[in-house]
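Here's a quick briefing on side-chain contacts, covering rings and charges. Have a look at the model first, then we'll walk through it.

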Amino acid sequence: MLLITCHVCGAQGDETDFHYGGQAHVRRPATANPEDISEAAQRDYMYTRLNPKGLHFERWRCDRGCGKWFHAARDTVTMAFAATYGVTERPPAHIIAMIPETNPWHGVFTEAPVSEPHPEEAHRAVSKDGEPS
């Protein structure tokens, strides 16, 4: 049995009180111009996921409390949660430092976080005639 604490509202429960959402940190190849997306990039986005033995990064939804999604770093061998964090956040630095070189997540979080505008903010940045404001 997994014991989980919601990162957002603090609700605690087992895995039946939460919903597993698959691998965390999956990024769409692009949304502005879909014609420029290669078949390989779309295939990787849709079907390719990491499946490490050890530390893994997952999405979970709090069904018992607030209904919000959050990310969790969990060991797939011991089933222990190492940390939980928001869906727009990177894993805590001490968790990133724990990723062994043999784990496919090693090196994934080495880039500086990218600040992307919220979709509504990006929509507002375009004027009525389609030109960026």
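**Ring and charge contacts**

W105 and F109 are both buried, where buried means under 20% relative accessible area, exposed means over 50% and partly exposed is in between (1.4 Å probe, protein chains only). Keep in mind that this is a predicted model, in which local features need pLDDT of at least 70, side-chain atom pairs count only at pLDDT 80 or more, and totals for chains, interfaces and linings use all residues. Residues are numbered from 1 along each chain as its sequence is written, and side-chain values use heavy atoms, with hydrogens and water left out.

**Aromatic rings**

- Rings of Phe, Tyr and Trp (its six-membered ring) pair if their centres lie within 6.5 Å; planes under 30 degrees apart count as stacked, over 60 as edge-to-face and the rest as tilted.
- That rule gives a count of 6 aromatic pairs.
- One of them joins F57 and W105 edge-to-face, with 4.9 Å centre to centre and 70° between the planes.
- F57 sits in strand β4 (residues 55–62) and W105 in the loop between α2 (93–97) and α3 (119–124), so this pair ties together parts that are 48 residues apart in sequence. Helices (H or I, at least four residues) and strands (E, at least two) are DSSP runs, numbered from the N terminus.
- Like W105, F57 is buried.
- W105 also pairs with F109: the ring centres are 5.7 Å apart and the planes are at 0°, so this pair is stacked.
- Elsewhere, ring pairs link up Y20, W60 and F81 as a cluster.

**A charge over a ring**

- R59 has its charged end over the ring of W69, 4.5 Å from the ring's centre. The test here is NZ of Lys or CZ of Arg within 6 Å of the ring centre and within 35 degrees of the ring normal.

**Salt bridges**

- The count is 4 salt bridges, each being a side-chain nitrogen of Lys or Arg within 4 Å of a carboxyl oxygen of Asp or Glu.
- E58 and R74 form one of them, at 2.6 Å from N to O. E58 lies in strand β4 and R74 in strand β5 (residues 69–75), so the bridge ties together parts that are 16 residues apart in sequence.
- Both partners count as buried: E58 has 1% relative accessibility, and R74 has 10%.
- R61 and D63 meet in another salt bridge, 2.4 Å from N to O. Here D63 is partly exposed at 37%, as is R61 at 29%.
- R43 bridges to D44, with the closest N and O atoms 3.0 Å apart. R43 is partly exposed at 46%, and D44 is partly exposed at 34%.
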